[in-house]
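Me: I am new to this structure and would like to learn how to read its features. Can we go through them in turn?

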Amino acid sequence: MAAIIHPIFFRSAGSFQLAYFAKLKSGKNLKDAELFCFLAAREPFLKLQIELKVLASNVSADLTRQLDSARVLLCATEDLYSCASIKTFFHRCLQYGNFLNQSTFAAGASGFALTSLLSALNTKGNGPTSNIRLVDILAENADNKIRSAVNVLSLLESAKKCSVDDLEKSELGLRRSLEKSLKNVQECGDASLFAHYSPIIMDSITKCGQLTRTLKKIRDNELRLKEYYCGPTMNLEAILETLYQAFKLFQNALNVR
(Lines give C-alpha, C1' and ligand atoms only; values in the text may rest on other atoms or scores of the structure.)
Protein backbone atom coordinates (compact mmCIF):
# COMPACT_ATOMS: atom_id res chain seq x y z
CA MET A 1 0.00 0.00 0.00
CA ALA A 2 1.35 3.43 -0.91
CA ALA A 3 2.38 5.65 1.98
CA ILE A 4 0.04 8.55 2.76
CA ILE A 5 2.00 11.77 3.03
CA HIS A 6 0.65 14.48 5.31
CA PRO A 7 -0.79 17.36 3.25
CA ILE A 8 0.90 20.01 5.36
CA PHE A 9 4.24 19.58 3.65
CA PHE A 10 2.83 20.19 0.20
CA ARG A 11 3.46 23.82 -0.55
CA SER A 12 2.21 23.51 -4.12
CA ALA A 13 1.76 20.75 -6.66
CA GLY A 14 5.01 18.78 -6.98
CA SER A 15 6.85 20.38 -4.02
CA PHE A 16 6.88 19.96 -0.26
CA GLN A 17 8.35 21.54 2.82
CA LEU A 18 9.93 19.94 5.87
CA ALA A 19 8.92 22.52 8.47
CA TYR A 20 6.20 20.29 9.88
CA PHE A 21 8.59 17.37 10.40
CA ALA A 22 11.26 19.59 11.93
CA LYS A 23 8.85 20.34 14.78
CA LEU A 24 8.17 16.69 15.58
CA LYS A 25 10.00 15.28 18.58
CA SER A 26 9.86 11.67 17.45
CA GLY A 27 9.57 9.72 14.23
CA LYS A 28 7.62 6.95 15.89
CA ASN A 29 4.63 5.62 13.94
CA LEU A 30 5.59 7.54 10.77
CA LYS A 31 5.29 5.87 7.39
CA ASP A 32 8.43 5.35 5.30
CA ALA A 33 8.05 8.53 3.24
CA GLU A 34 7.18 10.57 6.32
CA LEU A 35 10.09 9.08 8.26
CA PHE A 36 12.44 10.09 5.48
CA CYS A 37 11.14 13.65 5.70
CA PHE A 38 11.49 13.56 9.49
CA LEU A 39 15.15 12.54 9.21
CA ALA A 40 15.84 14.91 6.32
CA ALA A 41 14.50 17.82 8.36
CA ARG A 42 17.33 17.18 10.82
CA GLU A 43 19.97 17.30 8.08
CA PRO A 44 19.86 20.87 6.74
CA PHE A 45 22.53 20.18 4.14
CA LEU A 46 21.23 16.83 2.94
CA LYS A 47 20.26 18.11 -0.50
CA LEU A 48 23.61 19.84 -0.90
CA GLN A 49 25.45 16.72 0.28
CA ILE A 50 23.67 14.60 -2.32
CA GLU A 51 24.38 17.10 -5.09
CA LEU A 52 28.05 17.31 -4.14
CA LYS A 53 28.35 13.53 -3.90
CA VAL A 54 26.89 13.07 -7.38
CA LEU A 55 29.11 15.82 -8.79
CA ALA A 56 32.27 14.40 -7.22
CA SER A 57 31.43 10.91 -8.48
CA ASN A 58 31.09 11.99 -12.11
CA VAL A 59 33.13 15.11 -12.74
CA SER A 60 36.55 13.47 -12.95
CA ALA A 61 35.48 10.89 -15.54
CA ASP A 62 33.56 13.50 -17.53
CA LEU A 63 36.51 15.88 -17.67
CA THR A 64 38.98 13.12 -18.53
CA ARG A 65 36.78 12.00 -21.41
CA GLN A 66 36.35 15.54 -22.70
CA LEU A 67 40.05 16.36 -22.40
CA ASP A 68 40.97 13.17 -24.26
CA SER A 69 38.57 14.02 -27.09
CA ALA A 70 39.89 17.57 -27.27
CA ARG A 71 43.49 16.35 -27.47
CA VAL A 72 42.60 14.03 -30.35
CA LEU A 73 41.00 16.93 -32.23
CA LEU A 74 43.94 19.21 -31.50
CA CYS A 75 46.44 16.63 -32.74
CA ALA A 76 44.40 16.02 -35.89
CA THR A 77 44.02 19.69 -36.74
CA GLU A 78 47.74 20.28 -36.29
CA ASP A 79 48.75 17.27 -38.40
CA LEU A 80 46.39 18.19 -41.23
CA TYR A 81 48.07 21.57 -41.50
CA SER A 82 51.71 20.56 -41.18
CA CYS A 83 52.04 16.95 -42.43
CA ALA A 84 54.50 16.82 -45.35
CA SER A 85 53.00 13.68 -46.92
CA ILE A 86 49.54 15.28 -47.00
CA LYS A 87 50.97 18.34 -48.73
CA THR A 88 52.65 16.05 -51.27
CA PHE A 89 49.38 14.19 -51.83
CA PHE A 90 47.52 17.39 -52.68
CA HIS A 91 50.37 18.63 -54.86
CA ARG A 92 50.24 15.38 -56.87
CA CYS A 93 46.45 15.66 -57.15
CA LEU A 94 46.91 19.09 -58.67
CA GLN A 95 49.70 17.96 -61.00
CA TYR A 96 47.85 14.94 -62.36
CA GLY A 97 44.60 16.85 -62.52
CA ASN A 98 46.22 19.55 -64.66
CA PHE A 99 47.76 16.88 -66.88
CA LEU A 100 44.42 15.20 -67.44
CA ASN A 101 42.76 18.57 -68.07
CA GLN A 102 45.49 19.99 -70.30
CA SER A 103 43.18 20.34 -73.29
CA THR A 104 40.26 21.76 -71.30
CA PHE A 105 39.33 25.06 -69.69
CA ALA A 106 40.37 23.62 -66.31
CA ALA A 107 44.02 23.25 -67.31
CA GLY A 108 46.67 25.15 -65.39
CA ALA A 109 44.81 25.30 -62.08
CA SER A 110 46.88 26.59 -59.18
CA GLY A 111 44.74 24.89 -56.55
CA PHE A 112 41.34 23.45 -55.77
CA ALA A 113 38.79 23.59 -52.97
CA LEU A 114 38.43 20.75 -50.51
CA THR A 115 34.74 20.54 -51.39
CA SER A 116 35.71 19.27 -54.85
CA LEU A 117 38.35 16.77 -53.68
CA LEU A 118 36.21 13.63 -53.60
CA SER A 119 34.67 14.29 -57.00
CA ALA A 120 38.14 15.03 -58.41
CA LEU A 121 39.58 11.78 -57.08
CA ASN A 122 36.69 9.85 -58.63
CA THR A 123 36.96 11.61 -61.99
CA LYS A 124 37.48 9.11 -64.83
CA GLY A 125 39.21 9.49 -68.15
CA ASN A 126 37.74 9.15 -71.63
CA GLY A 127 37.96 6.36 -74.18
CA PRO A 128 40.41 3.61 -73.19
CA THR A 129 40.86 5.18 -69.76
CA SER A 130 37.15 5.52 -69.00
CA ASN A 131 37.45 3.10 -66.07
CA ILE A 132 40.52 4.75 -64.56
CA ARG A 133 40.04 7.36 -61.86
CA LEU A 134 42.42 10.10 -60.81
CA VAL A 135 42.92 8.30 -57.49
CA ASP A 136 43.98 5.16 -59.41
CA ILE A 137 46.64 7.14 -61.26
CA LEU A 138 47.85 8.59 -57.97
CA ALA A 139 48.10 5.12 -56.45
CA GLU A 140 49.84 3.61 -59.47
CA ASN A 141 52.56 6.27 -59.41
CA ALA A 142 52.79 6.68 -55.65
CA ASP A 143 56.19 6.71 -53.98
CA ASN A 144 56.77 6.08 -50.29
CA LYS A 145 56.31 9.74 -49.40
CA ILE A 146 52.82 10.00 -50.81
CA ARG A 147 51.90 6.50 -49.63
CA SER A 148 52.56 7.55 -46.05
CA ALA A 149 49.69 10.04 -46.28
CA VAL A 150 47.28 7.21 -45.44
CA ASN A 151 48.91 6.95 -42.00
CA VAL A 152 46.70 9.85 -40.94
CA LEU A 153 43.59 7.68 -41.35
CA SER A 154 43.67 6.25 -37.82
CA LEU A 155 43.88 9.73 -36.33
CA LEU A 156 41.13 11.03 -38.61
CA GLU A 157 38.90 8.10 -37.72
CA SER A 158 39.21 8.96 -34.03
CA ALA A 159 38.92 12.71 -34.54
CA LYS A 160 35.78 12.61 -36.67
CA LYS A 161 33.95 10.89 -33.81
CA CYS A 162 34.48 14.02 -31.70
CA SER A 163 32.51 17.23 -32.01
CA VAL A 164 34.07 20.52 -30.97
CA ASP A 165 30.58 22.02 -30.71
CA ASP A 166 29.50 19.31 -28.26
CA LEU A 167 32.69 19.68 -26.26
CA GLU A 168 32.18 23.42 -25.94
CA LYS A 169 28.59 22.97 -24.76
CA SER A 170 29.60 20.28 -22.27
CA GLU A 171 32.45 22.37 -20.90
CA LEU A 172 30.20 25.39 -20.45
CA GLY A 173 27.53 23.38 -18.63
CA LEU A 174 30.05 21.61 -16.41
CA ARG A 175 31.87 24.82 -15.51
CA ARG A 176 28.62 26.52 -14.53
CA SER A 177 27.67 23.52 -12.38
CA LEU A 178 31.07 23.57 -10.67
CA GLU A 179 30.93 27.30 -10.00
CA LYS A 180 27.43 26.97 -8.54
CA SER A 181 28.51 24.07 -6.33
CA LEU A 182 31.57 25.97 -5.13
CA LYS A 183 29.40 28.96 -4.21
CA ASN A 184 26.96 26.72 -2.34
CA VAL A 185 29.63 24.91 -0.37
CA GLN A 186 31.34 28.19 0.52
CA GLU A 187 28.11 29.73 1.77
CA CYS A 188 26.60 26.73 3.58
CA GLY A 189 28.71 27.23 6.69
CA ASP A 190 29.53 23.54 7.06
CA ALA A 191 33.30 23.31 7.54
CA SER A 192 33.49 19.57 6.90
CA LEU A 193 31.63 19.83 3.59
CA PHE A 194 33.85 22.71 2.53
CA ALA A 195 37.05 20.89 3.49
CA HIS A 196 36.05 17.73 1.65
CA TYR A 197 34.52 19.07 -1.55
CA SER A 198 36.16 22.42 -2.27
CA PRO A 199 39.51 20.85 -3.35
CA ILE A 200 37.66 18.51 -5.73
CA ILE A 201 35.67 21.38 -7.20
CA MET A 202 38.69 23.68 -7.53
CA ASP A 203 40.73 20.97 -9.24
CA SER A 204 37.88 20.35 -11.66
CA ILE A 205 37.55 24.06 -12.42
CA THR A 206 41.28 24.12 -13.21
CA LYS A 207 40.81 21.22 -15.63
CA CYS A 208 37.88 23.06 -17.20
CA GLY A 209 40.30 25.91 -17.84
CA GLN A 210 42.69 23.50 -19.57
CA LEU A 211 39.83 22.21 -21.69
CA THR A 212 38.78 25.75 -22.61
CA ARG A 213 42.30 26.61 -23.76
CA THR A 214 42.54 23.42 -25.82
CA LEU A 215 39.19 24.12 -27.48
CA LYS A 216 40.36 27.65 -28.31
CA LYS A 217 43.43 26.20 -30.06
CA ILE A 218 41.19 23.80 -31.98
CA ARG A 219 39.00 26.68 -33.15
CA ASP A 220 42.08 28.63 -34.24
CA ASN A 221 43.29 25.58 -36.16
CA GLU A 222 39.86 25.20 -37.74
CA LEU A 223 40.15 28.70 -39.19
CA ARG A 224 43.61 27.90 -40.55
CA LEU A 225 42.36 24.68 -42.14
CA LYS A 226 39.43 26.47 -43.77
CA GLU A 227 41.85 28.87 -45.39
CA TYR A 228 44.48 26.25 -46.21
CA TYR A 229 42.01 23.86 -47.85
CA CYS A 230 39.96 26.62 -49.50
CA GLY A 231 36.84 25.59 -47.63
CA PRO A 232 35.53 28.76 -45.99
CA THR A 233 32.02 27.36 -45.55
CA MET A 234 33.11 23.99 -44.15
CA ASN A 235 33.12 23.35 -40.43
CA LEU A 236 35.74 21.19 -38.76
CA GLU A 237 33.58 18.06 -38.81
CA ALA A 238 33.08 18.39 -42.58
CA ILE A 239 36.81 18.92 -43.16
CA LEU A 240 37.71 15.83 -41.14
CA GLU A 241 35.07 13.68 -42.84
CA THR A 242 36.07 14.79 -46.35
CA LEU A 243 39.75 14.13 -45.74
CA TYR A 244 38.98 10.77 -44.17
CA GLN A 245 36.95 9.72 -47.21
CA ALA A 246 39.67 10.99 -49.57
CA PHE A 247 42.51 9.10 -47.90
CA LYS A 248 40.31 6.02 -47.58
CA LEU A 249 39.79 6.13 -51.35
CA PHE A 250 43.54 6.45 -51.83
CA GLN A 251 44.25 3.57 -49.43
CA ASN A 252 41.79 1.31 -51.26
CA ALA A 253 43.37 2.23 -54.58
CA LEU A 254 46.82 1.39 -53.20
CA ASN A 255 45.60 -1.98 -51.96
CA VAL A 256 44.53 -3.13 -55.43
CA ARG A 257 47.84 -2.29 -57.05
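This is a predicted model: local features need pLDDT of at least 70, side-chain atom pairs count only at pLDDT 80 or more; totals for chains, interfaces and linings use all residues.

Me: What percentage of the residues count as buried?
Reply: Of the 257 residues of the protein, 33% count as buried. Contacts can also be sorted by their separation in sequence. Among the contacts with a separation of 6 or more, 71% are between residues 24 or more positions apart.

Me: How do I read the packing of two helices, and at what angle do α3 and α11 pack?
Reply: Look at the angle, the distance between the axes, the handedness and the residues in contact. Helix α3 (residues 46-82) packs against helix α11 (residues 236-255) at about 65 degrees, and their axes are 12 Å apart. The crossing is left-handed. On the α3 side the contact is made by Leu 73, Ala 76, Thr 77 and Leu 80, and on the α11 side by Leu 236, Leu 240 and Leu 243. Six of the residues in this contact of α3 with α11 are nonpolar, one is polar and none is charged.

Me: Which residues does Ser 163 touch?
Reply: Leaving out residues up to four places away in sequence, Ser 163 touches Leu 73 and Glu 237. Ser 163 sits in the loop between α8 (153-159) and α9 (164-187). A polar atom of the Ser 163 side chain lies 3.2 Å from the backbone nitrogen of Asp 166.

Me: What about aromatic rings: how many aromatic pairs are there?
Reply: The count comes to seven aromatic pairs. To read one of them, take the distance between ring centres and the angle between ring planes. For Phe 90 and Phe 247 the centres are 6.5 Å apart and the planes are at 85 degrees; planes over 60 degrees apart count as edge-to-face, so this pair is edge-to-face. Phe 90 belongs to helix α4 (residues 84-100) and Phe 247 to helix α11, so the pair ties together parts that are 157 residues apart in sequence.

Me: Are Phe 90 and Phe 247 buried or exposed, and which cluster do they belong to?
Reply: Both Phe 90 and Phe 247 are buried. They are part of one aromatic cluster, which also includes Tyr 81, Phe 89, Tyr 228, Tyr 229 and Phe 250.

Me: Where is Met 234 found?
Reply: Met 234 is in the loop between α10 (191-228) and α11. Met 234 counts as buried because its relative accessibility is 8%, and buried means under 20%. Beyond its neighbours within four places in sequence, Met 234 is in contact with Leu 114, Thr 115, Lys 226, Ile 239 and Thr 242. The C-alpha atoms of Met 234 and Thr 115 are separated by 8.2 Å, while the two residues are 119 residues apart along the chain.

Me: How should I read the phi of Cys 230, and what is its value?
Reply: Most residues other than glycine have a negative phi. Cys 230 is not a glycine, yet has a positive phi of about 55 degrees. Cys 230 lies in the loop between α10 and α11, and is partly exposed, with a relative accessible area of 43%.

Me: Which helix holds Leu 94?
Reply: Leu 94 lies in helix α4 and counts as buried, at 18% relative accessibility.

Conventions. Residues are numbered from 1 along each chain as its sequence is written. Side-chain values use heavy atoms; hydrogens and water are left out. Helices (H or I, at least four residues) and strands (E, at least two) are DSSP runs, numbered from the N terminus. A polar contact is a pair of N or O atoms within 3.5 Å; within protein, one must be able to donate a hydrogen and the other to accept it, and residues adjacent in sequence count only if both atoms are side-chain atoms. Contact means heavy atoms within 4.5 Å. Axes are lines fitted to C-alpha atoms, for helices over the stretch in contact, and angles run from 0 to 180 degrees between N-to-C directions. A crossing is left-handed if the near helix is turned anticlockwise from the far one by less than a right angle, and right-handed if clockwise. Ala, Val, Leu, Ile, Met, Phe, Trp, Tyr, Cys and Pro count as nonpolar, Asp, Glu, Lys and Arg as charged, and the others, Gly among them, as polar. Rings of Phe, Tyr and Trp (its six-membered ring) pair if their centres lie within 6.5 Å; planes under 30 degrees apart count as stacked, over 60 as edge-to-face and the rest as tilted. Buried means under 20% relative accessible area, exposed over 50%, partly exposed in between (1.4 Å probe, protein chains only).
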